Amino acid sequence: MNLSRFHWLSGRPWMRIALVAILLVSALGVSGIAPTRWVGSTPAVAYAEKIDAGVWKALDTTPDGKVPVFVKLSEQANLQEAAAIEDWTARGWAVYNALHGTANRTQPTVLGQLAVAEAAGHASAAKSFWIVNMVSVLADATALRTLAAMPEVGAILLNAKLEAPIVIPDETVTAPDTVEWGVAKIRAPDVWTTYGVTGAGAVAANVDTGVQYDHPVLVNHYRGNLGGGVFNHNYNWYDPTGVSSTFPADDNGHGTHTMGTMIGDDGGVNQIGVAPGAKWIAAYGCCPSNEALLEAQQFMVAPTDLAGNNPDPSKRPDVLNQSWGGPGGSEIFEDVIASLRASGIFPAFSAGNNGSSAADGCGRLGSPGDNPSGFNVGNTTSTDTISSSSSRGPNPFTGKTG
């Protein structure tokens, strides 16, 4: 794939995928509670405030009576002190220990009840997470009522299916002999020459459809490249699905082109990256499932070996690009952003590809890029006009147009 034809910051549109609801909520509750009063398919007030309406709507249209949900526990890790630590390694371990420790301490009761529900046929496929203290599970109405009654459970939301991105070039522009036009438009070369800053010493990452690690403009920047044709992919690549568990791969192309726009440079005339001096790592997370996406986030906070073991937060990246998103106005990813930022990682998200024109393309920012602590990126054309595909404000949380 020719990465010079795609852009990330001010270049041509880069595909933002559909990521709808991903985080929050999962766990199961106590047995032996009093029956709940129902009105149609809507739970009584005691449960209604914990269970999202979308869950009950999904139950009405589910043949087998189970829906995928996230159950977020009431207690979340306090990261304030850890985030104030200046030392990179100490800060990373402090954040990881706070997140992992909170989950380990508070989830056993919920997981125990889930085991009971699974044995009774009311739930299945429970999976624990720590980047946000929650569990994902397939649950029926009985299990949902039990979960919602537990004081350990704070909320239950629908685990919506994601769709993979598609790389769509917007306009054809002859590639320059030196620096790609999108990179030049944001004046990255001025930063390289005036300040001597190219990203050297920093590690960039993406959670995406993977990365073709041996691409000519990427291979020399891969942190796992030890030189002389020798590679060590441990702590530099993670695929929670196991499809490409031994080396970075990308069967879609989206993750490769976003990584190229971040750091791509073949050492010759093909300069397409904003930070060509940086190294990169990656995780496959988009979009086989929301669970895979969350596991990829955990890898970024505490990179592991290829098997997902022996975490080492000191190897986390400095910046993390996440070129996906779902419908705007949802803060369900806010806790993940908080964990990333507490550890010192700067996450950037897509504004979205839901625009169509200046007249009717406004107010279509996607989440989590529109979240209060999020940072999102739109796209422009080579003539400095907003691309028709780029989503734009106003932001539903701030009311601002940008």
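Predicted model: local features only at pLDDT ≥ 70, side-chain atom pairs only at ≥ 80, totals over all residues.

Student: What makes C286 and C287 a disulfide?

Tutor: A disulfide needs two cysteine sulfur atoms within 2.5 Å. The sulfurs of C286 and C287 are 1.8 Å apart, so the pair meets that cut-off. The structure holds 1 disulfide.

Student: Is C286 buried or exposed, and how do you know?

Tutor: Buried means under 20% relative accessible area. C286 has 2%, so it is buried.

Student: Why is the pair E75 and R105 called a salt bridge?

Tutor: The test is a side-chain nitrogen of Lys or Arg within 4 Å of a carboxyl oxygen of Asp or Glu. For E75 and R105 the closest N and O atoms are 2.5 Å apart, so the pair passes. The structure holds 5 salt bridges.

Student: What makes you say that E75 and R105 link distant parts of the chain?

Tutor: They sit 30 residues apart, with E75 in the loop between β4 and α3, and R105 in helix α4.

Student: Why do E75 and R105 get separate exposure labels?

Tutor: Exposed means over 50%, and partly exposed lies between that and the 20% limit for buried. E75 has 36%, so it is partly exposed. R105 has 53%, so it is exposed.

Student: How do you know that K315 and D312 form a salt bridge, and which of the labels does each residue get?

Tutor: Their closest N and O atoms are 2.7 Å apart, and the limit is 4 Å, so they qualify. K315 has 31%, so it is partly exposed. D312 has 16%, so it counts as buried.

Student: What makes the largest nonpolar core a core?

Tutor: The largest one here has 37 residues, and W130, V207 and M300 have the most contacts inside it. Its largest share, 6 residues, comes from α10. A second, separate core has 23 residues, including V110 and M150.

Student: How do you know that α4 and α11 pack together?

Tutor: Their axes are 9 Å apart, at an angle of about 150°. R91, V95 and L99 of α4 make the contact with S339, R341 and A342 of α11. Those residues divide into 3 nonpolar, 1 polar and 2 charged.

Terms used:
Residues numbered from 1 in each chain as written. Heavy atoms only, no water. Axes fitted to C-alpha atoms, helices over the stretch in contact; angles between N-to-C directions. Helix = DSSP H or I, 4+ residues; strand = E, 2+ residues; numbered from the N terminus. Contact = heavy atoms within 4.5 Å. Nonpolar A, V, L, I, M, F, W, Y, C, P; charged D, E, K, R; others polar. Core = buried A, V, L, I, M, F, W, Y, C linked by side-chain atoms within 4.5 Å. Buried < 20%, exposed > 50% of the residue type's maximum accessible area, 1.4 Å probe, protein only.
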